[in-house]
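The sequence and structure are shown below for reference.

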Amino acid sequence: MTSPVGTRTLGRDGLTVSALGLGCMGMSQMYGAADRQESIATIHRALDLGVTFLDTSDVYGEGHNEELVGEAIAGRRDEVQLATKFSLKHDTGSGMTIDGRPENVRACAEASLRRLGVDVIDLYYQHRVDPKVPIEDTVGAMAELVQQGKVRYLGLSEASAASIRRAVAVHPIAALQSEWSLWTRDLEESVLATAREHGIGLVPFSPLGRGFLTGAITSPADFEEDDWRRTHPRFQGEAFDANLRLVEAVRELAAEKGATPGQLALAWVLAQGEDVVPIPGTKRRSYLEENVGGAAVELTADDLARLDDIAPPGVAVGGRYANSAYAYGDSPERP
């Protein structure tokens, strides 16, 4: 059976993954209550549909997410391209800390392998670049994991252009994971060109604007009490109302295309290049199936031009995080 989503290649060394991935974070934190059995069923359904590129991190649910993903892929490891991350830790005092020390790289990798129940991680990302540790030291330790056969490919997440250049001087980087969607196009300013200059694939997280671009969110009251979006700058007051107008414009074009707003938003990200593999997150099979439908939406040059008019860079009102340090925290340079 041919996969409805197909495959794409990340990096010059040829990491082949499904053209659409699955972000697993919400199965463990941030987006309200999750159902373990439905989460595992969602991962199984993803594999059945050819969505075999799974994304997790050691910080999601303090290891819970890796354990969950490991349980779900047991017996199906050969079907999966498995990505996880290290370097972020929750801190009760300051919220989040970054640790890029070589000894932490090694310790985190061993812990992730154990939780995931696998012998090798296909793609290992530094979740955020540590401004206190030279990235050459961090990537050097990551490269040792490749040499030891514990990791196949290396990635960075939310790294600046300057950090990318320094990292690739140490070891090839297969993928850069950063936020990229119709309402977050910061990446296009300089980071995108730098990544492509070095043959690095792009893995956009939150390609659906943290669910906003699906059109399913019409009021802040739509969020569960423990959903972190309640405190997100783009979901507050006047910013929410302004951003809702963007969604309405996307909805109109989607209706013309016979697609949902979310499918159109995903199709736009997929249309940005064959080196782009978005990883929309979900914890439900129904949303997964809708996302897979986005891979079949074909956008013409006119459609893309209309979307550029609807959602030019900087169109969204509000910051990407309540704490801006979570975005490109490694450098005063911005993409």
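Predicted model: local features only at pLDDT ≥ 70, side-chain atom pairs only at ≥ 80, totals over all residues.

## Terms and basis

A residue is called buried under 20% relative accessible area, exposed over 50% and partly exposed in between, with a 1.4 Å probe and protein chains only. Residues are numbered from 1 along each chain as its sequence is written, and side-chain values use heavy atoms, with hydrogens and water left out.

Helices (H or I, at least four residues) and strands (E, at least two) are DSSP runs numbered from the N terminus.

In strand 1 (residues 7-10) the side chains alternate between two faces.

Strand 1 pairs with strand 2 (residues 15-18) in the antiparallel sense, over four bridges; pairing requires at least two DSSP bridges between the strands. Thr9 stands opposite Thr16 of strand 2. Four residues lie between the strands of this hairpin, in which Gly11 takes a positive phi near 80 degrees.

## Salt bridges

Side chains of opposite charge can pair when their charged atoms come close. A salt bridge is counted when a side-chain nitrogen of Lys or Arg lies within 4 Å of a carboxyl oxygen of Asp or Glu. The structure holds 23 salt bridges.

Arg8 also takes part in one of them, with Glu274 at 3.5 Å, N to O. This pair links distant parts of the chain, 266 residues apart: Arg8 belongs to strand 1, and Glu274 to the loop between helix 8 (261-270) and helix 9 (285-294). Arg8 is buried at 11% relative accessible area, whereas Glu274 is exposed at 58%.

## Further charged pairs

Glu158 and Arg128 form a salt bridge in which the closest N and O atoms are 3.8 Å apart. Glu158 lies in the loop between strand 9 (151-157) and helix 5 (161-168), and Arg128 in the loop between strand 8 (121-126) and helix 4 (135-147), so the pair ties together parts 30 residues apart in sequence. Glu158 is buried at 0% relative accessible area, and Arg128 is buried at 8%.

Asp303 and Lys257 meet in a salt bridge at 2.6 Å, N to O. Because Asp303 lies in helix 10 (residues 301-310) and Lys257 in helix 7 (residues 237-257), the pair ties together parts 46 residues apart in sequence. Asp303 is buried at 8% relative accessibility, while Lys257 is partly exposed at 30%. Asp48, Arg76 and Glu79 are linked in a network of salt bridges.
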